[in-house]
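User: I have a new structure open and would like a short tour. Can you take me through it?

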Amino acid sequence: MRNRIQRRKRGGTRLNLNYNALFALLVVVAVVVLICVSSVGDFLSEKVFAPIFTALKTEKPKGTPNPSSTQSGAVIDMGGNSEAKVTLKAISCFSLQMGVYSSEDKASVAAGALRTQGAAGYVFLDNGKYRVLAAGYSDEANAKSVKSRLLEDGKDCKIFNFNADEAVFLVTSTNENIKEIETIFETLYTVLDETEKAALSFDKDKKTVDEGKISVSDILAKVKKVSDSLTIPTENETVKRIVDCLNSFSDKLTVLKSSNASDTVDFAAELKYLSLELANLYVALADSLGVG
């Protein structure tokens, strides 16, 4: 498939600092020992989707706006007596790039091989280059820690980031329509976050395919609750793009919910693929609305 886009605190004693450092070191060692003594599975299932340093740091909120990157989006004028600013939140997808090809056929072969190991095998078309992606993270530190371990394991890997800046739209319409646009934006953002977490949890917690489908069903239910209650007219082209994106999220989740995957490796690949695909759709929406 082709996818397009264009410190520490002062005041503590040295003794306490040493204990903190020792504790962090012991946690890392314990995790490494657990990895070494556990049964060896596919390298991507073990290394890509459960970064070992996650527990040792405070994660920044996903898509934390950078004031310098916040942009003014299009004016959405639907007519009406109310006016309000509506925000499309920023996102970043730090993806593990396992190869770049000039040939779509070669990229597809490489992607297929990754999927047999539980990775996304997502082919991202970028200015004539076919980037083959294994997984995506909203947190760059996680992506970097996994990349380092894959390199140590002899796997060629780089980080490829695609993102959307925060954008603020001035919407003129009824209060009800403005609220629905706000709800759609928030739902898209929330679904991205929950799908990424579901992908990570599926491997880390060694879930079954049925358990994975339950996670997908829960996310889909949130999308359906919003899409089924919409009353906003879509004659406005900008509004139509926004609603179409929400419906695309629903369609992709529905497909995975009905997946014929019979084992965890296949379902893991599909879930990671979905996570990247939804991030791509979000960025594509931002691009179509003039963000970036």
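**Salt bridges and cores**

Analyst: Lys-144 is partly exposed, at 45% relative accessibility. Buried here means under 20% relative accessible area, exposed over 50%, and partly exposed in between (1.4 Å probe, protein chains only). This is a predicted model: local features need pLDDT of at least 70, side-chain atom pairs count only at pLDDT 80 or more, and totals for chains, interfaces and linings use all residues. Residues are numbered from 1 along each chain as its sequence is written, and side-chain values use heavy atoms, with hydrogens and water left out.

User: Which residue does Lys-144 meet in a salt bridge?

Analyst: Glu-140, at 3.6 Å from N to O. A salt bridge is a side-chain nitrogen of Lys or Arg within 4 Å of a carboxyl oxygen of Asp or Glu. Glu-140 is also partly exposed, at 33%.

User: Where are Glu-140 and Lys-144 in the chain?

Analyst: Both are in helix α4 (residues 140-152), and because they are four residues apart there, about one helical turn separates them. Helices (H or I, at least four residues) and strands (E, at least two) are DSSP runs, numbered from the N terminus.

User: How many salt bridges are there by this rule?

Analyst: Nine. One of them joins Glu-277 and Lys-252, with the closest N and O atoms 3.3 Å apart. Glu-277 lies in helix α8 and Lys-252 in helix α7 (residues 237-257), so this pair ties together parts that are 25 residues apart in sequence.

User: Is Glu-277 buried or exposed?

Analyst: Buried, with a relative accessible area of 8%. Lys-252 is partly exposed, at 28%.

User: What about Arg-131, which residue does it bridge to?

Analyst: Asp-126, with the closest N and O atoms 2.9 Å apart. Arg-131 counts as buried at 14% relative accessibility, and Asp-126 counts as buried at 11%.

User: Changing topic: how many residues are in the largest nonpolar core?

Analyst: It has 55 residues, and Phe-162, Ile-181 and Tyr-282 have the most contacts inside it. Helix α8 (residues 264-288) gives the most to this core, with twelve residues. A nonpolar core is a set of buried Ala, Val, Leu, Ile, Met, Phe, Trp, Tyr and Cys residues joined through side-chain atoms within 4.5 Å.

User: What is Ile-181 in contact with?

Analyst: Leaving aside neighbours within four places in sequence, the contacts of Ile-181 include Ile-76, Met-78, Val-86, Val-171 and Ile-232. Contact means heavy atoms within 4.5 Å.

User: And which residues are in the second core?

Analyst: That separate core has 19 residues, among them Ala-110, Leu-114, Tyr-137 and Val-146.
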